[in-house]
Amino acid sequence: MTSVEPPPKIRIRGLSKAFGPKVVLDKLDLDVPAGSSIVVIGGSGSGKSVLIKCILGLITPDAGTIEIDGRDVLSMGRAERDAVNGHIGMLFQGAALFDSLPVWENVCFGLIAKRRISRREAKPRAVEILAQVGLGADVAELSPSELSGGMQKRVALARAIAAQPDIVFFDEPTTGLDPIMGAIIDDLIVAQVKRLGATAFSITHDMASAQRIADTVAMIHKGSIVWKGPAAAIRDSGNPYVDQFVTGSTEGPIRMEVRR
Amino acid sequence: MGAVLGFIGSIGAGLFSVLATAGQVVLFAVSALGHCVRPPFYPRLLGRQMLEIGYFSLPVVALTAIFSGMVLALQSYTGFARFSAEGAVATVVVLSITRELGPVLAGLMVAGRIGAAIAAEIGTMRVTDQIDALTTLSTNPMKYLVVPRLVAATLVLPMLVVVADILGVMGGFIVGVFKLDFNAGAYMTRTWEFLKFEDVFSGLVKAAVFGFVIALMGCFQGYHSKGGAQGVGAATTNAVVSASILILVFNYVITELFFAR
């Protein structure tokens, strides 16, 4: 008797995207098993952000397929896609909190928008969720502009997990933070993803962060995955791209476009 | 020869760019209008925008209207005195204000105040990923950001113009009675005597169109801004300039529709 392997939570096949003559994603293939935490690493301009935006439906790829739970999200209509997005959380690089709304409304924005809770119910709920990311009730009434970078990231994390998503995306979660705050955010991400039992998909160029968050690491270079393996194996991967990226050496197969 | 061809080519490229942008604006407007009639609706946001666009624009529109009415009375008097036609001042003031100056000046003032604010706010949301964040939170940015501003501006501009009409006529009355020594009753009689419904109505139609144009250009420029602070600045400038030009263009078109014989 053969056991049937469950389909991956996210399956990407032949994903391509070009902006004019610049090819950003080049027939990229990637599987993300349910309940795992994958971190895609790569240099600036390697296609990480475009990849995550394609999966989220913010950019339409030129070719390829993206399946979530076995369903091709690229062929879905707007309403169906919104329903899929209802099970997705996203933490943006710059937090992307809504300036015009107080923190509590930011945290519960998705829940209110989907009419899951009323505005009256939202505030105590937001305070509960803020507590899960280590923020007190006093933060709820503040405006995002009154928060430090680390607090904004925590509020953004609270917003990402508020609807108890199946998949959470993290775009450079520690960028712009000091190493201690970066480690705190990483620990919160790991704890919350584990609590939700969610699949985590992160992109970063912070190696320390990648090792803290990831079960699996994938390296993207010039729009393709050039290595994928367990996070523990990243320092002795034997892959010249990964080795150069981990050591930060200027010598190796990765050539940055720098004019001298 | 090469330089001439290059010059002609650059004119052609510029023309194509303008046409492409015009096409994008039309598609954006059609999409926004489609979203206006499909749920979900955001009455809370609509109310907030009506307050922002209407109530908070009252002082600037009121001051513009009252001083325009005053200067119009003064200028008409000094001009008409040459033909001994001073009696027409009140009629000229009321017709000029209701047909042209009320809607156009209110439109231009609101374009400067609100068009710029809309473009800056939506543009900042675009370059800081807040619009993408809306999409990931299953909220359509066109419905959440664009529709409330379009509907609010279209509804509120006519209300502002009613206020501008009243204050403009009042400005003319103040100068006419207290400076030019017109009889107050006679001035008001001349004001009402030749005023027709279509004079006021055409101004209100203009105001609604101007409101739509101001919000449309602010939203369009903000929605498509890119490149950080510089991009947002450019979007703000483009929103005000394009809205102001379109106000003057549509002013002629609507005047032609109402009054051309």
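How much area is buried between chain A and chain B, and what share of that area do carbon and sulfur atoms give? The legends below start with this question and then visit other parts of the predicted model.

Figure 1. The size of an interface is often given as the accessible area lost when the parts come together. Here the area buried between chain A and chain B is about 1,700 Å². Carbon and sulfur atoms give 56% of that area. To build the contact, chain A brings 23 residues and chain B brings 18 residues.

**Figure 2. A salt bridge joins the two chains at B:Asp132 and A:Lys53.** Look for the closest N and O atoms of this pair, which lie 3.7 Å apart. The count of salt bridges between chain A and chain B is one. Which elements of chain A each supply at least two residues of the side that touches chain B? They are helix H1 (48-56), helix H2 (78-85), strand E6 (88-91) and helix H4 (109-113). Sorted by class, this side of chain A has eleven nonpolar, four polar and eight charged residues. Three residue pairs are also found in polar contact across the interface of chain A and chain B.

**Figure 3. Chain B has nine helices and zero strands.** If you follow chain B along its sequence, you read the pattern α-α-α-α-α-α-α-α-α. The C-alpha atoms of chain B fill a box of roughly 65 × 60 × 35 Å, taken along the principal axes.

**Figure 4. Helix H4 (residues 89-127) and helix H6 (residues 141-178) of chain B cross each other.** Two packed helices are described by the angle between their axes and the distance between the axes. For H4(B) and H6(B), the axes come within 8 Å and cross at roughly 145°. The crossing of H4(B) past H6(B) is right-handed. Grouped by class, this contact has 15 nonpolar, five polar and three charged residues.

**Figure 5. Within chain A, a salt bridge pairs A:Asp166 with A:Lys9.** The closest N and O atoms of the two residues are 4.0 Å apart. Over all chains, the structure holds 19 salt bridges.

Figure 6. Most residues other than glycine have a negative phi, and most peptide bonds are trans. Is the peptide bond from B:Pro39 to B:Pro40 cis or trans? This bond is cis, with omega near 5°.

Methods. Residues numbered from 1 in each chain as written. Chains lettered and ligands numbered in written order. Predicted model: local features only at pLDDT ≥ 70, side-chain atom pairs only at ≥ 80, totals over all residues. Heavy atoms only, no water. Axes fitted to C-alpha atoms, helices over the stretch in contact; angles between N-to-C directions. Helix = DSSP H or I, 4+ residues; strand = E, 2+ residues; numbered from the N terminus. Left-handed = near helix turned anticlockwise from the far one by under 90°. Nonpolar A, V, L, I, M, F, W, Y, C, P; charged D, E, K, R; others polar. Contact = heavy atoms within 4.5 Å. Buried area = accessible area lost by both parts, 1.4 Å probe. Salt bridge = Lys/Arg side-chain N within 4 Å of Asp/Glu carboxyl O. Polar contact = N/O pair within 3.5 Å; in protein donor to acceptor, adjacent residues only side chain to side chain.
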